[in-house]
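Colleague: Before I plan anything around this model, I would like to go through it with you and hear what each description rests on.

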Amino acid sequence: MNLSYTEEQIMLREQIQKFCESEYDFYKREEVVKSDNDFDENAWKLFAEQGWLSMSFSEESGGFGFGPIELSILFEEFGKTLVIEPYLANVVLAGSTLDKSNFSRKVELIEGISSGSMHISLAYAEAAKSYEYLTPSTNLSDKNKLNGTKSLVLNGKNASKLIVTCIKNNEFHLVLVDPSAEGVSFNSFKTIDEQTCAEFTFENVNVDDDDVIASGEEASNLLVEVLNLATLCVSAEAVGCMLSCYQKTVQYTKEREQFDQPISNFQVLQHRMVDMFIDSELAKSLLFKAMLEVDSNSEDKYKHVSALKAHVGKFGKLSAQNAIQLHGGMGVSEEMMIGHYLKKMVAVDAMFGNADFHLKNIA
Amino acid sequence: MDINFSKEDLAFRDELRDWLANDYPKHVKDKMDKGEHLTRQDMVDYHKALSAKGWMGYNWPVEYGGTGWSATQLYLFNKEFGMAGCPPLLAFGVSMVAPVIWTFGNEEQKKRFLPDILDFNTWWCQGYSEPGSGSDLASLKTKAVREGDHYVVNGSKTWTTLAQNADWIFLLVRTDSSGKKQEGISFLLVDMKTPGIEVKPIITIDGDHEVNSVFFTDVKVPVENLVGEEGKGWTYAKFLLAHERFGIAAVGASMRALGQLKEIVSELDNPDLDKKVAEMEIAISALEMTELRLLSDLENGGHPGAESSILKIKGTEIQQGLTELFVEAAGEYALMYPGAGGYGSNDKPSGPEHAAVSLERFLNFRKTSIYGGSNEIQKNIISKFVLGV
């Protein structure tokens, strides 16, 4: 038994940390958020150059074949810095769906994602089907006409291709759709954590037979697999947030003076910060367990990802709320980073099944 | 990263399981499985069976007759025995006073005391807490005055676990009151048969007689029973407390309890309780992985420090939380305690069999967040050494 990261993994983390520290401060992020852009194009280019956009793809798709451990490292660091670039949407949701599929044109699409030149989104959610992703109402007719509405399509506005879940002849399907095709319309929204998502409506959209990525059990297994990986990734992001929440709060209480002393002298605050520390360490432990189970493709991998997601759903928000409380009024100021962790925690809990949903998976 | 244990460690685990299947004294196992009380003799039999296998010195170096086990072997030992429902090993001799004796004691003391601890010929108890000194242990007042070749001890100790069974007590006493309170403390080894020692039971809310008050009136202790130097006892006391943490996470025992709880709850059709059990399962998994992370760190030459306080805090919260869920599972039969046989009886009152045991454990386990450095003290330790505030 050895739970140390490899040298390669440590280097990856340092590389990402270096970027986050030197080129991604909170004020720069705020500028992007307040602009018309959904993310920083230069950052996205740099992600591609560093190989971060391709690292998790298989070697035959032009990637490095990195697994859930490396993705967890990346998302943990992104969580600490509250990175808004559409990594989850492109690489994890759309990219790994394609990579794990037998789709004939997957390599060119994955190359598009890897080079940063193409955005692809996965349309898996529907308003009336909260967390029930395998029974969409969106329908593909016998004549291959797609009808339905997909919501919460992350980064949908920027996508030049969509992967849409639908039902054809009672069978679950994953199909590739061009958002510029006739019959496709969308509205784009900001998310609570400063990303964007779109609601797409499909009206008699033509889908060619060779645009079917997967069908039947193959398609549903594929989606379940990808969503489990995505759940792991956003949970790792939450672990990063939890670590930052407690570290930044400790730092702040050492600097903030009231009653002629640093407020970190007060035991009631100390114990609350210890609780934050413990919850983040436990979250890290559950992350280790989950990513190792996913990495070894064990039967229990879904269960352990659910355990992690349930924990960060509950304690992530608690950590962020405590961080705000201990920062006092500064904690609720928009210009301070600390309050934004709470928004990320809300987003993480809401995505792919909230804490209650995942608890039921375990019970 | 590799979460799997090595072939050697797995072979070691098989050896543990083999002992548990074949050599774990059956009369002890039967009582433990039914949640019944053990007698003094049961405990002696259990410990002597381990001595016979050569495992009593589980955390001792080989030179004193110990196993010399690695941190991973110790972890597996604790986990497997916990999962098998064994009684927790009495720590007072083997893992508390013994390391103090071999580290700070003289050759004569090592020869005199260590073999009997290893063979479980002497039952030790711990004379630390006093009525006025709990978390603030260094404020202790029990006094030892040197008179010729004896110390004369006067004062009292409290919460002394199983003193009624003990042959010897290790004692923190004040030999000097002139300086700082941490100075002037000495570490004495005292035969419980010495005249002037009186043990009085303290009955806890579960009705059990587990802890005691121990009174010392002009108790004469030979000076050769002083460990190390006079006045340096506080150093030894703290050293001992660091050894007390072994196995405090109790992951194995909690996993066993969780398994039993799930069986009970599966018959109840109570979704609210199901959810709480699921949360408990996650908490145990997180604790187990935290312990493994610390273990991996240790095996890779790291020195995990105050992080291990997490194991004490969460381990005991989980132990207590489990007992609470057993009580919830008992439903209205939570009323039926202690039942017709009275406190300390092995007679079960009416109602499901798990109900009576659950109440007793629930009440008894309140102690876990208090002993071994209360959980609030553990949070102070983390504040100081991890958060740096």
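Colleague: How many bridges join β3(B) to strand β7 of chain B, and in which sense do the two strands run?

Modeller: This is a predicted model, and in it 7 bridges join β3(B) to strand β7 (residues 209-222) of chain B, the two running antiparallel. One position in this pairing is B:K157, which stands opposite B:V214 in β7(B).

Colleague: What makes β2(B) and β3(B) a pair of strands?

Modeller: Two strands pair if there are at least two bridges between them. Strand β2 (residues 143-147) of chain B and β3(B) have 5 bridges in the antiparallel sense, so by the cut-off of at least two bridges they pair. Within this pairing B:V145 stands opposite B:V152 in β3(B). The two strands form a hairpin with 2 residues between them, and B:G148 in the turn has a positive phi of about 65°.

Colleague: Which residues of β3(B) make up the covered face, and which the uncovered one?

Modeller: In strand β3 (residues 150-157) of chain B, the covered face holds B:Y151, B:V153, B:G155 and B:K157, while B:H150, B:V152, B:N154 and B:S156 are on the uncovered face. In a regular strand the side chains alternate between the two faces of the sheet.

Colleague: What makes the strands β2(A) and β3(A) a pair?

Modeller: The requirement is at least two bridges, and strand β2 (residues 139-140) of chain A is joined to strand β3 (residues 145-154) of chain A by 2 bridges, with the strands running antiparallel. The bridge partner of A:L140 in β3(A) is A:L146. The hairpin of β2(A) and β3(A) has 4 residues between the strands, and A:N144 takes a positive phi near 60° there. On β3(A) there is also a pairing with strand β7 (residues 196-206) of chain A, which is antiparallel and has 7 bridges; in this one A:G148 stands opposite A:F202.

Colleague: How do you know that chain B agrees with a compact globule?

Modeller: For 389 residues, a compact globule would have a radius of gyration near 21 Å, and because chain B has 22 Å, the value agrees with that expectation. Along its principal axes the C-alpha trace of chain B spans about 70 × 55 × 50 Å, and its secondary structure comes to 12 helices and 8 strands. Of the contacts in chain B with a separation of 6 or more, 70% are between residues 24 or more positions apart, and 37% of the 389 residues count as buried.

Colleague: Why is B:F365 called partly exposed?

Modeller: A residue is buried with 20 or more other C-beta atoms within 10 Å, exposed with 12 or fewer, and partly exposed in between. B:F365 has 17, so it is partly exposed. B:F365 lies in the loop between α11 (353-364) and α12 of chain B.

Colleague: Which residues is B:F365 in contact with, leaving aside its neighbours within four places in sequence?

Modeller: B:F365 is then in contact with B:Q319, B:Q320 and B:T323. Of these, B:Q320 is 45 residues away from B:F365 in sequence, although the two are 5.9 Å apart in space, C-alpha to C-alpha.

Colleague: How many residues does each chain bring to the contact between chain A and chain B?

Modeller: Chain B brings 30 residues and chain A brings 29. On the side of chain B that touches chain A, α9 (271-299), α10 (308-330) and α12 (375-387) each supply at least two residues, with the largest share, 14 residues, coming from α9(B). The residues of this side divide into 15 nonpolar, 7 polar and 8 charged.

Colleague: How is chain A divided, and where are domain 1 and domain 2 in contact?

Modeller: Chain A is divided into domain 1 (7-115), domain 2 (120-217) and domain 3 (223-362). The C-alpha centres of domain 1 and domain 2 of chain A lie 23 Å apart, and 15 residues of domain 1 are in contact with 16 residues of domain 2. On the side of domain 1 that touches domain 2, α5 (87-100) and α6 (106-115) of chain A each supply at least two residues, and α5(A) gives the most, with 6 residues. The residues of that side divide into 10 nonpolar, 4 polar and 1 charged.

Colleague: What confidence values come with the model?

Modeller: The mean pLDDT of chain B is 94, and 99% of its residues reach 70 or more. The model scores ipTM 0.95 and pTM 0.95.

Technical notes. Residues are numbered from 1 along each chain as its sequence is written. Chains are lettered from A and ligands numbered from 1 in the order in which they are written. This is a predicted model: local features need pLDDT of at least 70, side-chain atom pairs count only at pLDDT 80 or more; totals for chains, interfaces and linings use all residues. The radius of gyration is taken over C-alpha atoms; the globule rule is 2.2 Å times the number of residues to the power 0.38. Two residues are in contact if their C-beta atoms, placed from the backbone, lie within 7 Å. Domain bounds come from an automatic or database domain assignment. Ala, Val, Leu, Ile, Met, Phe, Trp, Tyr, Cys and Pro count as nonpolar, Asp, Glu, Lys and Arg as charged, and the others, Gly among them, as polar. pLDDT is the predictor's confidence in each residue, from 0 to 100.
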